[in-house]
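Here is a friendly briefing on how two chains meet and what lies inside them. Take a look at the model first, then read on.

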Amino acid sequence: MVGAWVHEQDRWDNVASFFELAERRRQAVPMRCVVVMSVLFGAVAVQAQSSVHAGATILSFPRMVSGADVDTMVQIGNLSNFTVHAHCFYSTAANNQRTTSDFELVLLSQQSLRWQVSAGRAYDVMLQAGDPPLVLPVVIPPVVSSDFHGELMCVEVDASGYPFNGNHLTGMATLRSSDGSESATYLAIGLSGNPELPPSPALPLDGEAYDTCPDTWVLSHRAAGTAFTIVPCAHDFENNTVPTIDVQFSVTNRNLETLTASTTLSGWAEVPLVDLDPDGEDHASMDAVAIGTDYARTTISSVGGGILVVGQDLGTSSGTVDTALNNLVANGTRADSDAILLPPLVGGLP
Amino acid sequence: MTIRRRRTAGRRLLIAVLCLAQLAFADTTLAQPAGDRSGALVVFPFLVSLSVPALETRVFLANAGTSSVSLHCFFENLVGSCEIDPGQACAADSECSAGRCIQGYAENNFQVSSFPAGQVLAWAVASGLSGIAPPVSEFIGMLRCVAVGPDLQTPVAAQLEGRTEIYNTNAPTGSGIASYNAYTFASNGGNSDSVLEIGSEYSACPATNVLEHSFQGANDPISGASLSTTLVLATCSADYQIQAPVETLAHFTVINEFAQRTGTSKRFFSQLVADLSSIHPTLFQAATQGSLAGQTLIRSVGDPVLGVAVEAAQDGVAFSVAAHELPYIGISSQPNVAVVLPPAN
């Protein structure tokens, strides 16, 4: 949503003004310490590669699904001892066009919040006997579609909405069927920012300012019932354009026999292995018969831009709901950089 | 003037020391342990193979390197037995009709002489893998695999990957799976003895593990199911020479969605497999916290730990599980964290 930043800020008016003052005071000292310590020890220097385990400035949830049969619970946590803000974007993308809705998140010291993607989260109040009620000043909107297949990306910002390389965010997503028969969880893919460099609304994933996207993604899996959700590393939330990326799959079975296939990504994509057409083979499908053994290891690479990937176990019982979600192993760093472009901060820095 | 000179000299000395520290740090620091990386030491903190309940684990182990390596792998079975009825297996006191659950410890190892580059091995723990991994049943424990040289003894650098799928053997194939990635530790290739020093020769262990979780008994907004979380913690150290479990104490700081904090602690040996309610009867309850979910920070006194969480959703007969490893903050500076391999045959 271009320009939504201002509207989101308006929505926050009363709450944000309080947090903003406190935030600036709180962040002033820790930030100075971070910079000094990083110069001296390199301890908080950028890792140069994505991670699901460390605190991050950019969180990517490539797979968000919300519909009649399945919905997603998101949980995002603040790993720091002070208040953290994030600017989050739900988006779907196809045919090189991105549709986005955004919101802002405020997380108090080491606080985490969980919400249902289809419902969002309203102001929350906890009544305490004898004490003033506790208020959660958070409004997270529901996704705009009742049948949503897309992604969520959150970028840590300061109280004014400007990117802030704090590396304080962690997150996970759980997809669950509405009848409770299947659950699947994965950890958000984190990209850390370099606190030594001044941030800007254009976030280069170049290994210097922010982690580079991985060169390849790898998953060991059963030959049947495996799929991948893939999104580009590059996100243009200002112009809502999407790059075209060639994605290549190399599937090696237990006998070290390899099949290859490729597809074109023009936004968010769910790619069942069985839908791929192996290169130069008689098999029309990358199914268990073509793979040849019960288990295999798939390596995914890309040309024309980096990608972020989550693996799905589709199961064989119903095939409509993920039975497991898997974080893939990330290998190497891309030689070329990608970029995330945030919408303009209308009014500029205060 | 003298004081100023001393101060200046002191400052220069400090800067020099810091610069050296910076260089030393840059040269020796290894990547942190991770489930989304490859490494020379792979740790699966939680494997289970039981007849009642009918749970099984499928292990995936891959060599992502460009050359063949050998492996030395160690199962640690920590299934306990009831104090009053030693024939009854247990993981917690609540599983014994009377008396305490006495934790057991049994180590069982196997070696893989040739693990070709690019190959993936996969097997169900109870079935084993013919000629490679022995079958192991009635098992609650962990698995560690170390890349070694052709002598099957000397540790070497390698790029191993690991993943598990825990499933109910009574459920239809491919359904009800809880999957997590094994932790991998990169090696600097400088180790040639039987003591794998974690934090110097291999990546360091986490300082603080972060568990994002629902509180016990919270109703899942999607399905209406009641949610509960089983936490698994495993010590980073293991001593396969003396074959004794490693003691540690885990501190839990529980923070609800209103950023209120509470805390507790739990002592255990080598591995903790505990429903959050058994760590503390009320602290992790949704009714106590007034909140659907929270963040628990886990720090250990003694040996650092690796963690896996398994969340279950139960609504009548409908039951589903999902698992994930734990993010963490910082790396442990605890000394003497090591995996000690047994002496050569």
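Let's start inside chain B: leaving aside residues up to four places away in sequence, Trp123(B) is in contact (heavy atoms within 4.5 Å) with Thr57(B), Arg58(B), Val59(B), Leu61(B), Phe75(B), Phe110(B), Gly128(B), Leu129(B), Ala133(B) and Leu143(B). This is a predicted model, where local features need pLDDT of at least 70, side-chain atom pairs count only at pLDDT 80 or more, and totals for chains, interfaces and linings use all residues. Residues are numbered from 1 along each chain as its sequence is written, chains are lettered from A and ligands numbered from 1 in the order written, and side-chain values use heavy atoms, without hydrogens and water.

**Nonpolar cores**
- Trp123(B) and Leu143(B) have the most contacts inside the largest nonpolar core, which has 83 residues.
- Such a core is a set of buried (under 20% relative accessible area, 1.4 Å probe, protein chains only) Ala, Val, Leu, Ile, Met, Phe, Trp, Tyr and Cys residues joined through side-chain atoms within 4.5 Å.

**The interface**
- Chain A brings 73 residues to the contact and chain B 70 residues.
- Together they bury about 5600 Å², 53% of it on carbon and sulfur atoms; this is the accessible area (1.4 Å probe) lost on being put together, summed over both.
- On the chain A side, His53(A), Gln110(A) and Arg254(A) lose the most area to chain B, together 13% of what that side buries.

**Salt bridges**
- The interface holds 6 salt bridges (a side-chain nitrogen of Lys or Arg within 4 Å of a carboxyl oxygen of Asp or Glu).
- Arg176(A) forms a salt bridge with Glu311(B), with the closest N and O atoms 2.7 Å apart.

Terms used. Buried area = accessible area lost by both parts, 1.4 Å probe. Buried < 20%, exposed > 50% of the residue type's maximum accessible area, 1.4 Å probe, protein only.
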